[in-house]
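Hello,

Here is the structure you will be working with. My notes on it follow below.

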Amino acid sequence: MTLLSVSDLSKTFQTASGPVHAVRDVSFAVDRGECLAVVGESGSGKTTLANMILGILRPSAGTIAFDGAALPARRGPIQRRAIQFVQQNPLSSLNPKRSIGASIRLGLDTYGIGARAARWARVEDTLEEVGLPREMRRRSPAALSGGQRQRVGIARALACEPELVVLDEPTSALDVLVQARVLRLLNDLRARKNLTYVFITHDLAVVRNVADRVAVFRSGELVEIGDTPKIFSAPEHPYTRSLIGAVPVVDDAELQLRNRLAEGT
Amino acid sequence: MIRALRIISSNPLSLTGLVLVLLILAAALFAPLIAPFPTHNGSVVDFAFANRPPSTRNWMGTDLVGRDIFSRILYAYRISLGLGVVVLIIAAPVGTVVGLMAGYLGGWIEAVLMRLVDVFLSIPPLVLAIAVLGVLEPTLANAMIAVTVMWWPWYARLVYSIARSEREEGYVLAAEVIGASTAHITIREILPNCLPAIITKMTLDMGFVIIIASSLSFLGLGVQPPTPDLGSMVAEGARYLPDSWWMTVFPGLAILLAVFGFNLFGDGLREILGVDE
């Protein structure tokens with residue numbers, strides 16, 4: 001069942017040196033419970049696409065339909081609540097002067113989720129869901145590590161009880177071990193809550209771990225979309241092939257060593 | 001708090017500032033208790049002791065009508081600090097609101113508000129204050145109004161520049177995506193990030209407001225006699241230089257110490273609160 005459908009979506013920015021087509025005639029659909037990875041190099045229009053889905057940018061042309069209804073230019077709280085956002089940079093995504101709990105609670109207050117008196121408890125429940133201690137709600141972001149902050153970012157999105165989560169490179173600012181844990185958390189949450197993800201990334205290793213389908217972008221155009229195994233084994237478009245060709249390959253010996261080490265821990 | 005004390009005490013200049021500020025605040029607050037001649041803050045004459053140099057009876061000498069200059073300085077601090085506090089308590093919030101709106105909302109609101117700020121900033125402050133006092137009567141209240149009118153644009157510009165850069169931060173975007181109100185984003189999200197800079201500036205400005213207010217009363221545009229004021233005391237004494245030097249030097253030193261103290265303390269505060277620049 002289709003949750004999000006994007007049709008003929010375009011975004012043109014007017015600049016001093018003429019119009020720039022950040023996104024051009026893009027159409028695709030995402031099913032409920034699915035994770036669609038959007039890949040492409042920087043400048044390929046991934047973030048512009050995400051911003052249009054989130055309602056931060058207005059499309060120049062085309063429509064975005066959510067749950068069967070086209071989203072209006074000015075969204076109401078019900079529509080906003082259904083689509084939440086996890087940002088790339090966990091350092092700037094949390095207000096340094098506000099507690100973790102206050103940041104997570106903002107959505108609850110804005111959408112009027114739950115009784116006022118029960119909201120702090122809800123915030124703490126959400127912290128637990130992302131694997132953080134309940135007491136952390138009183139802490140300041142400065143006291144947290146990058147991985148913990150990214151979990152708080154996920155908790156902030158989750159607290160709003162969204163249907164779709166747009167993840168803009170949620171792991172690219174984290175180191176490898178933390179990255180793996182955050183990806184596992186995201187996979188668990190999606191399965192448990194039947195969430196739908198639009199997962200923007202340039203990291204194909206991440207794609208293989210989380211995505212059901214992959215959409216490949218290049219200079220604002222959707223060059224190829226298909227199931228993850230198919231894209232990796234039999235890419236059709238030459239650009240997709242070159243992207244996959246650029247992934248560093250792990251040979252058998254290295255793989256065995258890694259497995260041995262993993263068993264040891 | 002403990003961290004703050006450690007930073008302050010590790011820097012002798014900040015510590016000097018803190019001590020001076022505390023001394024001046026105490027002097028102003030407890031003037032009636034400390035002053036050897038508490039009645040000398042008004043129209044009192046004591047010609048027997050007029051125009052006396054510093055002595056054990058009058059530590060800073062007496063003025064033309066025999067009033068104790070030390071006592072008058074203590075009372076003058078009350079006026080100066082009171083004026084500073086009132087001016088900053090009005091100017092800082094007004095400027096902050098203007099700066100937040102211009103910095104966060106942008107567009108034509110930013111253009112209109114910041115051009116208005118530029119207009120105010122382009123007029124030399126003393127000239128603006130003299131103009132305001134030229135239209136109004138020269139009283140303490142009007143001096144406060146005049147100084148406030150010239151002071152708020154500095155806060156608008158400070159807060160504007162911070163708000164503009166905070167607007168680009170991820171947490172503001174997060175609040176916008178959630179759909180939080182403009183009031184929430186400006187007051188609850190952005191303002192807390194401006195407060196350290198605002199508080200630091202207010203401390204530094206206490207000194208500058210005291211200078212400006214003294215300059216105005218030096219020109220006869222501020223507090224009127226017989227109320228003691230540092231600026232008018234300097235102006236009065238200046239006519240009898242160099243013979244009766246104490247009438248000018250001590251009020252002048254009092255201004256200097258206040259400005260010096262608030263500046264050093266403000267610099268220390270800047271370090272504690274982690275404000276850039």
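Strand 7 of chain A pairs in the parallel sense with strand 8 (residues 196-201) of chain A over five bridges; strands (E, at least two residues) and helices (H or I, at least four) are DSSP runs numbered from the N terminus, and two strands pair if DSSP finds at least two bridges between them. A:Leu167 stands opposite A:Phe199 in strand 8 of chain A. From strand 7 the chain crosses through helix 6 (residues 176-193) of chain A to strand 8, and this β-α-β crossover is right-handed (with the strands pointing away from the viewer, the path from the first strand over the helix to the second runs clockwise).

This is a predicted model: local features need pLDDT of at least 70, side-chain atom pairs count only at pLDDT 80 or more, and totals for chains, interfaces and linings use all residues. Residues are numbered from 1 along each chain as its sequence is written, while chains are lettered from A and ligands numbered from 1 in the order in which they are written.

Strand 6 (residues 83-86) of chain A runs parallel to strand 7 and is joined to it by four bridges. A:Phe85 stands opposite A:Val166 in strand 7 of chain A.

Five of the five residues of strand 7 (residues 164-168) are buried, so the strand is largely enclosed by the rest of the structure; buried means that 20 or more other C-beta atoms, placed from the backbone, lie within 10 Å of the residue's own. A:Leu164, A:Val166 and A:Asp168 point one way from strand 7, and A:Val165 and A:Leu167 the other way.

Of the 265 residues of chain A, 42% count as buried.

Regards

Conventions: A residue is buried if 20 or more other C-beta atoms lie within 10 Å of its own, exposed if 12 or fewer, and partly exposed in between; C-beta atoms are placed from the backbone.
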